[in-house]
Amino acid sequence: MEKLERLDLPTTRNEPLEKANRKSAWIAIGFRETLLLLCLFLGWRYQLLGQLVDLLRSDGEIRVSGGIAWAPCADLTEFECAYLSVPMDYTNPLPNETVSLSLRRLPATAPMTDRMGTLFINPGGPGGSGTNAVARYGQDLHTILKGRYDILSWDPRGVNQTTPSLDCFATEFDEFIQHFKEWQLGLPFEMKEATGSDDIWFEKIDAYYRSTVASCAKNGNQKMLKSVSTAFVVRDIVSILDALGEKDRGLQYWGFSYGTILGATFSALFPELVHRVVLDGVSSARFYSQDIFEWGRSGMDETYKVWDGFLAACAEAGPGRCALAKDGFTTDDVRMRVEKIINDLVAKPLPVPFSVQSGIITASDVLYAIFRGLYAPKGWPDIATAIAEAESGNGTALLRELPLTDRKGMLDNVFNRYTTRLGSEVTTEAIMCGDTDPSVSHAVAYASTEAFNEYSKELAKLSITGEIWAEWVGRCRIWNITATESYRGPWTVKDGLKKTKFPVLFLGNTADPVTPLSAAKDMSKGFGSESASLLIQDGFGHCSLAHPSLCTARTIASYFIDGKVPEYGTVCPSDDGFLFPESAKANERLQGLSEEDQKLMRALDTLSTEWVGRKWV
């Protein structure tokens with residue numbers, strides 16, 4: 001999880017209609033809108049309506065497959081968009097209380113005889129926009145899977161274009177201002193070092209947590225706030241499958257980070273619908289649902305491996321490729337240099353003069369930069385340069401650009417629909433804190449600011465970024481809205497977990513900053529040998545796509561396309577030459593590869609770049 005960041009999409013390639021086509025286009029659009037309204041009006045009760053129609057897509061026209069009416073997206077016309085009405089409350093479905101799911105897909109490109117249906121993806125979070133994820137890296141997933149799947153995702157409840165919105169704040173700008181003020185507190189270690197006590201920091205952060213909860217109590221859509229749980233999102237997946245006409249085959253899914261919790265929950269609730277499920281960057285669904293504080297500890301379990309890897313790779317690269325290294329520097333030399341920069345900034349923050357914006361750089365800013373950097377090795381050179389420049393008095397690169405600077409209407413966009421430009425911390429809290437066991441998150445042992453202080457210190461001892469992680473977990477101590485439905489187990493065969501129709505493939509890196517390999521091992525063993533296998537990628541970063549591996553990509557493709565399940569514990573190496581690379585040797589990684597593997601490697605490289613900007617856990 002990270003602070004709010006922009007959800008910018010790739011540049012639109014939407015072309016204007018030629019005059020000669022305008023009349024036919026308007027007729028098509030009118031037909032499309034009419035059919036869309038019919039489908040939305042009839043909603044989840046009459047999804048078979050769409051099976052009567054199957055129109056081939058052309059620009060400006062509709063294509064109905066199953067019970068979903070697809071049309072070219074308003075922003076990127078090579079993608080198809082649609083909306084699907086589902087019950088707001090699956091435990092008590094009412095026709096006048098529904099959720100409109102926003103869907104986006106990239107159609108398969110392989111010959112019709114080679115197509116294999118729909119692959120669902122979830123980017124993580126909780127609170128990541130699936131429609132944004134498809135737009136950003138759907139094409140590269142196509143390359144890995146040879147264009148044989150429609151790549152589909154959706155905005156889960158409470159996220160982006162899926163409505164009703166949560167409405168705790170009037171606009172996302174108002175929510176951003178609330179959290180921007182919270183960020184100005186920095187991290188507790190900084191206050192402790194500067195003043196001798198961090199007690200007031202924990203009092204202030206709890207006050208901000210309470211302010212958010214109070215805003216939701218005063219303004220929020222209470223029924224929606226209770227209806228954003230992972231269990232309900234799982235049922236939404238079943239509804240989408242049913243509407244697509246693919247329920248008989250079952251779910252084909254690739255989930256990242258929190259998306260592994262979603263995928264594991266689906267596999268536990270609907271084992272008979274598991275056709276192909278890859279859980280990449282495994283977070284412990286067991287801890288997440290039963291003990292949020294243990295989940296926090298688990299997340300920081302192996303962060304040190306990534307931090308040590310960054311320092312060692314920097315020292316090995318030398319000053320020519322890593323700005324924090326000097327000739328003859330060891331790993332510990334780089335570590336001590338960074339620690340000195342942080343300590344110096346505690347005593348004296350760095351002023352940054354206005355260019356695009358102005359401000360100061362604090363010790364906490366450096367830790368936030370490190371936290372973001374550990375996610376994606378592709379960004380390590382830039383993080384090292386930014387920290388080194390701050391040491392020399394230039395803090396511009398560390399001064400994060402404000403993601404929002406205006407209060408814009410939520411319908412002011414090409415979709416003319418409620419759309420966000422950022423991820424929402426409120427959504428993350430509502431999902432995460434609603435999913436976890438409140439008897440633990442609200443336990444007396446963690447309720448006080450003093451107890452939260454001790455927990456934060458515990459995580460700080462585990463990881464250089466532990467205080468940032470604790471800041472997220474601590475929110476659930478205050479959140480007081482109970483989810484209508486939640487799933488908290490069983491998570492093991494011993495406790496009653498049922499066999500899946502096809503084995504789930506769990507995938508973990510040997511050094512992941514927030515979803516450790518230990519979680520992948522624990523979850524896969526819980527599902528049992530008949531229902532799970534484990535693929536290990538020997539590399540750094542969050543999820544397999546952070547550190548490219550041809551071996552991993554081929555194994556995943558074989559799992560999805562050929563149904564080949566790798567032997568439990570199979571290890572794939574990450575590809576050489578990726579950490580602090582030599583620019584002059586950038587093309588050497590492609591030498592000796594087949595044309596197909598070169599194309600695959602380029603896609604993996606693009607995906608690793610996407611992961612630099614990734615902010616969802």
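## Rings and a helix: worked exercises

Ring pairs tie Tyr-137, Tyr-149, Trp-254, Phe-256, Phe-502, Tyr-559 and Phe-560 together in a cluster. Rings of Phe, Tyr and Trp (its six-membered ring) count as a pair if their centres lie within 6.5 Å. We're working with a predicted model, where local features need pLDDT of at least 70, side-chain atom pairs count only at pLDDT 80 or more, and totals for chains, interfaces and linings use all residues. Residues are numbered from 1 along each chain as its sequence is written, and side-chain values use heavy atoms, with hydrogens and water left out.

**Exercise 1.** Work out whether the span of helix H21 agrees with its residue count.

*Solution.* Start with the terms: helices (H or I, at least four residues) are DSSP runs, numbered from the N terminus. The expected span is 1.5 Å times one less than the number of residues. H21 has 13 residues (550-562), so it should span 18 Å. Now check the ends: their C-alpha atoms are 17 Å apart, which agrees.

**Exercise 2.** Say how many residues of H21 are buried, and name some.

*Solution.* Take the cut-offs: buried is under 20% relative accessible area, exposed over 50%, and partly exposed in between (1.4 Å probe, protein chains only). By that test, 10 of the 13 residues in H21 are buried, so the helix is mostly covered. Among them are Tyr-559 and Phe-560, both of which also belong to the ring cluster.

**Exercise 3.** Classify two ring pairs by the angle between their planes.

*Solution.* A search of the whole structure turns up 31 aromatic pairs. Take Phe-176 and Phe-180: their centres are 5.7 Å apart and their planes at 35°. Planes under 30 degrees apart count as stacked, over 60 as edge-to-face and the rest as tilted, so this pair is tilted. The two sit 4 residues apart in helix H3 (residues 172-183), about one helical turn. Phe-176 is buried at 2%, while Phe-180 is partly exposed at 28%.

Next, Tyr-258 and Tyr-288 have centres 6.2 Å apart and planes at 55°, so they're tilted too. This pair links distant parts of the chain, 30 residues apart: Tyr-258 lies in H8 (residues 258-269) and Tyr-288 in H9 (residues 285-290). Tyr-258 is buried at 7%, and Tyr-288 is buried at 2%.
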